[in-house]
Amino acid sequence: MTGYRLIVIGASWGGLHAVGEILAGLPADFEPTVLVVQHRAEDAEDLLAGLLDRRGPLHVREVEDKDALHSECVLVAPAGYHVLVEPDHFALSTEAEVRFSRPSIDVTLESAADALGPAVVGVVLTGANDDGAEGLAAVRRRGGYAIVQNPATAEASTMPAAARGSASVVAELPDIAALLRELA
Amino acid sequence: MTATDHDRELEGLELDLLLEAVYRRYGYDFRGYAQASLRRRLWRRADLEGLRSLSGLQERILHDPGCMERLLADLSINVTAMFRDPGFHRALRSDVLPELRTHPFVRVWVAGCATGEEVVSVAIALREEGMLDRTRIYATDMDADVLARARTGSFALEKVRDYTRNYISAGGTEAFSAYYAVAGERAVFDPELLRPVVFAQHNLATDGSFNEFNVVLCRNVLIYFGRDLQDRVLRLFDESLPRRGVLALGRKETLRGTAIEDRYEPVVEAERIYRRT
């Protein structure tokens, strides 16, 4: 047990497949809370949690305001809300979009780094913008661990390429679940 | 203790002192707000003012009321839309308004009404159900500037296409364009819709209950409050609702785990519409 309490997975274009592949590789008794921040249209009928729920043994549901930090389920940031991390719970916000995104990966990673310091693992996956890069840098500054999907083999390379400078490790998608199991 | 832990502790102290200063100098109480989001917005204001610490922001705010106004605008989240979350408005019409039809007079409180988009949306639904002329809507916000904008009953024309789509999926029965006139870049809504509306400044963090209501709408406001302040505000709503009074929260807000949870039953759980038992 290395003391990681929260794993934040940020993804954009191509994320549904990539996040699903990671969740498929995590066991039902996975200890740290997993929070998925996936960009999508604000008013999209929210099917994401349901789709991800089928991918692995862990149940997946959307975050609600003031949900406890420790969760048996994988949590998904709701469309149209930022998810901020407090020391023992999550809080939602509808403040302005950051880099055209709400949920914003940076907002979640920065608040997670602030609240939990070295107990955070940030994961930045495929995407066609640069959300997540600043947040991942904040995670590293506060002593957390940072995994970036290899931009060369990601479905969209811009986002992981932008975050790469902060990576503790750059990994191929099929290896990320195993990395997380080792960290947990 | 590491350097970062020390910095963080110091920053926490600066933040507490800043909120104390804002409260004692201007009467706005942000001390019970959710910390992570508040800290983000305070730092954003400090950066925009060219200041390097929250203590620096405190000094400026104490001596410059203009800076306080700018901070207040930062701290009032006014993201809103007409018929936002159409499923909610559809449920309001199908599961809440029918019972209220039997009442001779209906009072609705829109708490945290911001620039008034939801107020006009509710007024439209009430008119289409034939209830607007025996309803009073109390629309409150802590920020006098947004209330002044809400009173105009006009919204940016560029948003109207989205609002029309929302209106239709919320179960609207008329032509949406019949409700507004175009004036330059604004869509000015029928003043009759605002006739039953009382706009008033009210701060949920510090003010008390001021009437009894059949329906209280407070959507995406409680998310900015810490748990203790949420409980305070929920008790305030509870004191303002009779038996079978309806409380409607935001799509991702819940009564679960709160001080008043046991006194309410869901009307439409998915849309966070509750009724006092």
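## A strand covered on both faces

In this predicted model, strand β7 (residues 215-218) of chain B is covered on both of its faces, since B:V215 and B:L217 on one side and B:V216 and B:C218 on the other are all buried. Here buried means under 20% relative accessible area, exposed means over 50% and partly exposed lies in between, with a 1.4 Å probe and protein chains only. Strands (E, at least two residues) and helices (H or I, at least four residues) are DSSP runs, numbered from the N terminus.

## Neighbouring strands and the crossover

Strand β1 (residues 106-111) of chain B runs parallel to β7(B) and is joined to it by 3 bridges, with B:V215 in β7(B) as the bridge partner of B:V108. Two strands count as paired if DSSP finds at least two bridges between them.

Strand β8 (residues 246-249) of chain B also runs parallel to β7(B), and 4 bridges join these two strands; B:V216 has B:L247 in β8(B) as its bridge partner. From β7(B) the chain crosses through helix α10 (residues 227-239) of chain B to β8(B) in a β-α-β crossover that is right-handed, a term used if, with the strands pointing away from the viewer, the path from the first strand over the helix to the second runs clockwise.

## Aromatic pairs

Over all chains, 19 aromatic pairs are found in the whole structure. The rings of B:F83 and B:F176 have centres 6.4 Å apart and planes at 75 degrees, so this pair is edge-to-face. Rings of Phe, Tyr and Trp (its six-membered ring) pair if their centres lie within 6.5 Å, and planes under 30 degrees apart count as stacked, over 60 as edge-to-face and the rest as tilted.

Because B:F83 lies in the loop between α4 (65-75) and α5 (86-100) of chain B and B:F176 in the loop between α8 (160-169) and β4 (180-183) of chain B, the pair ties together parts that are 93 residues apart in sequence.

## Charges over rings

The charged end of B:R31 sits over the ring of B:Y23, 4.0 Å from its centre, and that of B:R219 sits over the ring of B:F88, 3.8 Å from its centre. This requires NZ of Lys or CZ of Arg within 6 Å of the ring centre and within 35 degrees of the ring normal.

## Basis of the values

Residues are numbered from 1 along each chain as its sequence is written, and chains are lettered from A and ligands numbered from 1 in the order in which they are written. Local features need pLDDT of at least 70 and side-chain atom pairs count only at pLDDT 80 or more, while totals for chains, interfaces and linings use all residues, and side-chain values use heavy atoms, with hydrogens and water left out.
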